[in-house]
Amino acid sequence: MAKLIIKGGRVLTMTDGAGEQRADVLVEDGKIADIAPDISADAEVIDATDDIVIPGFVDTHRHVWQTQLRTVATDWSLFDYFVEMRLSYSTFYTAEDAYLGNYVGALEALDAGITTLVDHCHILNTPEHAEEAARGLQDSGMRAIFCYGTFPNEPRVPMQVPDDPGWRHKTARELKAHRLSDSRGLVRFGFAPSEAEAMPFEELVAEIKLARELGAGAISLHAAMGSYAFDAHVVENLKKEGLLGPDLLFVHGSAFTDLELDLIREAGAGISATPETELQMGMGFPVAHRAHAHGVRTGLGIDIVSNYSGDMFLPMRLALQSTRAARNAEYEARKRAPSVIEPKAESVLRMATIGGAEAINMQKEIGTLEKGKSADIAIISTGAIHMTPSFDAVGALVMNARPSDISTVLVNGKIVKRDGKLVGVDWPSLRSRFAASANRIMDGFRTVDIPATAEATRPIMPHLE
């Protein structure tokens, strides 16, 4: 790997108590070798004068396969999402579609300065889908946890689905034994049970035990989704079974009680808040700051690019401003006004970096800029109109920055984006192939009787109006 110096940047290490500093960052053998005001070495120099240098963002929850379906979920409720995405669009995905969704989706994340993501992958219609979806992440150069999803999609296009009813668990074992055997590799094996609150509890227990037997880096669980919560009390039940642990990553969580948050903290488990989904789809206010106040390891996630942009900037702002709005409303209800605004912007930048790393137990490797950690780094230009001037680096990132401001990205010391362009990606050619995939999926979707599917599905969501 190349030895390089990121020179003269406005460095935010994201270590506790550290503010902005003018410094150089030395990268060697994929690691951060030094951070100091003026480093001299025989190395490639990246001029970061006036740029902001941060650890790469950590996206703790994304269904990467949905990249072909951008904009279809713009006005959806969670019920719409379940009917149209989970029961309809997904049934037309071939293994090649799964590859392209994951490959292009991971490139989108890298382009936006996200160097690590947790892929909750529930598009595994066949064993080949699992193989190809994982390969898509690997080919991108992204650092990721591939959470193997067991949700039983029923394909509507010809494909070879094994007759064995236990094939999903068998395929998980095979994928871990071969393609994702390296527990220290860039793409690591994780697990995503079918639906933690909707599946029979004994099946959830069995899948968590399987995930741990296979050494899953993270076990991703949708839970406590506001008014959609199934009253499953999954956290308390897992505690009773002795199954709460630091490998569990609870996603959404707006309906968690204080007791449940305390149990999650005690277990060392993590929470991924996805503010755009929670605010749009009736899942309650994002739990992020409330969870953090309980001492829970808390990160942010983007969730679905079938609806939202694939960058971390808007989720940070929404998590911050929705919490501020809720707190300000408490003052207003008492006919008072706040003299101090809380929380501060740094809180969400932390969740998007080291907080996310903590939520997936990778804080010793990534999430901050420190000697010995992996060189997962994003460099953000302040040269655009909307970034000039940038007196406060944290404020600039949380309140003003856009993906187009990401000039350079490194993963494990390797430059994957340079001078504003992804390295080694022929986008015009890839775009043509990707668009053909998206159009074919859409053509299939148009043949589905959505009203009939919705009518058959309503009974599983009794709180709908």
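Helix α13 covers residues 427-445, 19 residues in total, and runs 26 Å from first to last C-alpha, close to the 27 Å expected at 1.5 Å a residue (1.5 Å times one less than the number of residues). Helices here are DSSP runs of H or I with at least four residues, strands are E runs of at least two, and both are numbered from the N terminus.

Before you start: this is a predicted model, where local features need pLDDT of at least 70, side-chain atom pairs count only at pLDDT 80 or more, and totals for chains, interfaces and linings use all residues. Residues are numbered from 1 along each chain as its sequence is written, and side-chain values use heavy atoms, leaving out hydrogens and water.

**Exercise 1.** Work out how the buried residues of α13 are arranged around its axis.

*Solution.* Start with the buried set (under 20% relative accessible area, 1.4 Å probe, protein chains only): L430, F434, S437, A438, I441, M442, G444 and F445. Looking down the axis, these fall within an arc of 155° (taken from axis-to-C-beta directions), so they line one face of the helix. Finally, the buried residues pack against α1 (78-86), α2 (95-111) and α14 (450-457), with contact meaning heavy atoms within 4.5 Å.

**Exercise 2.** Trace the pairing of β2 with β1 and β3.

*Solution.* Pairing takes at least two DSSP bridges. β1 (4-11) and β2 (21-28) are antiparallel over six bridges, with G9 partnering A23 in β2. Next, β2 pairs with β3 (31-36), also antiparallel, over five bridges; E28 stands opposite K31 in β3. Two residues separate the strands of this β2–β3 hairpin, where D29 takes a positive phi near 55°.

Definitions and conventions. Buried means under 20% relative accessible area, exposed over 50%, partly exposed in between (1.4 Å probe, protein chains only).
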